[in-house]
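I opened this notebook to write down what I looked up, entry by entry.

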Amino acid sequence: MSASPVIFAVSLIIFLATVFRSAFGFGESLVAVPLLALFMPIDLAVPLSVLVSVTIAGFVVVQDHKKIHFKSAGNLTVYAVMGIPAGLWLLVHVEESLVKVILGMIIILFAIYLLTGKKLTELRNDDQRWLFGCGFLSGVLGGAYGINGPPLVVYGAKRRWSAQHFRATLQAYFLIASMVGLIGYGISGLFTWVLFRYYLWSLPALIPAILLGRYINARMKDDQFFSYSYLVLLGLGILLIANSVAFK
């Protein structure tokens, strides 16, 4: 395949994944990485996805910093960093396809439960137990399979954050978490000129995609936003199982 069609395909994937991430605040990697892997090695697709994640997060943090719950984001990030080693242990020592299927089923059942109209008990203020539980679990899932989002959705729903505050706060979390990931990739020798070329080619698609996602997010009412987020969780659970079966 010649370079031009590949560049177009990669840019289109990045555009669609970025719109998704900018609108909902999470979930783009599980969509982007399998599609990018159709056009490049997986050890190129994953770092590219994380580079894009840092760019999205940085742009949103600068643009919407007034809507960030910095204390919540900071605590979630600290606890997530604590959970990453456990996630890496799972990745190395446990059969990946089995864990993905089990995790996918749990996410699907949880999403269906919430879609029936059940509401999580409200947290009027930050609670260190919930911050630790959701943050640590997001680190475990992120370290093992790159899917930090589900526990963060739970915390945002319990705190009754607005769609805009949820999106902005998660980007503050992802900015730090993704930069830690990039350091790891750099140490592992995954930074190459090919990676940076793909990243530079994808940049023209990023800004309009971020703005389009922000436009979509701003027009969602809070209850509507979390209902859509639960649908996203349902889709992520299905994709997780499908990905596990496809690459078994």
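What share of the contacts in the protein with a separation of 6 or more comes from residues 24 or more positions apart? I looked it up: these residues account for 86% of such contacts. Contact here means heavy atoms within 4.5 Å.

**Entry 1. Ground rules**

The model is predicted: local features need pLDDT of at least 70, side-chain atom pairs count only at pLDDT 80 or more, and totals for chains, interfaces and linings use all residues. Residues are numbered from 1 along each chain as its sequence is written, and side-chain values use heavy atoms, with hydrogens and water left out.

**Entry 2. The whole chain**

I found ten helices and zero strands in the protein. Both are DSSP runs numbered from the N terminus, helices being H or I with at least four residues and strands E with at least two. The radius of gyration is 17 Å, close to the 18 Å that the globule rule gives for 248 residues, so the protein is as compact as a globular protein of that length. That radius is taken over C-alpha atoms, and the rule is 2.2 Å times the number of residues to the power 0.38. I also noted that the C-alpha trace spans about 55 × 40 × 35 Å along its principal axes. Of the 248 residues, 49% are buried. Buried means under 20% relative accessible area, exposed means over 50%, and partly exposed lies in between, with a 1.4 Å probe and protein chains only.

**Entry 3. α2 and α3**

Two packed helices are described by the angle between their axes and the distance between the axes. Axes are lines fitted to C-alpha atoms, for helices over the stretch in contact, and angles run from 0 to 180 degrees between N-to-C directions. I looked up α2 (residues 28-36) and α3 (residues 42-63), which pack at about 145° with axes 9 Å apart. Their crossing is right-handed. A crossing is right-handed if the near helix is turned clockwise from the far one by less than a right angle, and left-handed if anticlockwise. On the α2 side I listed Glu 28, Ser 29, Val 33 and Leu 36, which meet Ile 42, Ala 45, Val 46, Leu 48, Ser 49 and Ser 53 of α3. By class, the contact has six nonpolar residues, three polar and one charged. Ala, Val, Leu, Ile, Met, Phe, Trp, Tyr, Cys and Pro count as nonpolar, Asp, Glu, Lys and Arg as charged, and the others, Gly among them, as polar.

I then checked Ser 49, which is in α3. Ser 49 is buried at 5% relative accessible area. Not counting residues up to four places away in sequence, Ser 49 touches Ser 29 and Val 33.

Leu 38 is in the loop between α2 and α3. Is Leu 38 buried or exposed? Leu 38 counts as exposed, at 64% relative accessibility. Its C-alpha atom is 9.8 Å from that of Ala 9, 29 residues apart along the chain.

**Entry 4. α3 and α8**

The axes of α3 and α8 come within 8 Å and cross at roughly 145°. This crossing is left-handed. Among the contact residues I noted Val 46, Pro 47 and Val 50 in α3, and Arg 167, Ala 168 and Gln 171 in α8. The contact has 16 nonpolar, five polar and one charged residues.

**Entry 5. α7 and α8**

α7 (residues 149-158) and α8 (residues 163-187) pack at about 140°, with axes 11 Å apart. That makes α7 oblique to α8. Angles under 35 degrees count as roughly parallel, over 145 as roughly antiparallel, 65 to 115 as roughly perpendicular and the rest as oblique. The crossing of α7 and α8 is right-handed. Leu 152, Val 153 and Gly 156 of α7 make the contact with Phe 166, Leu 170, Tyr 173 and Phe 174 of α8.

In the loop between α7 and α8 I found Arg 160. Most residues other than glycine have a negative phi. Phi of Arg 160 is near 55°, a positive value. Arg 160 is partly exposed, at 35% relative accessible area.

Ser 202 is in α9 (residues 193-218). Ser 202 has a relative accessible area of 0% and is buried. Leaving aside neighbours within four places in sequence, Ser 202 is in contact with Ser 11, Ile 14 and Val 52.

Asn 243 lies in α10 (residues 222-246) and is buried at 15%. Asn 243 touches Pro 34 and Lys 100, not counting residues up to four places away in sequence.
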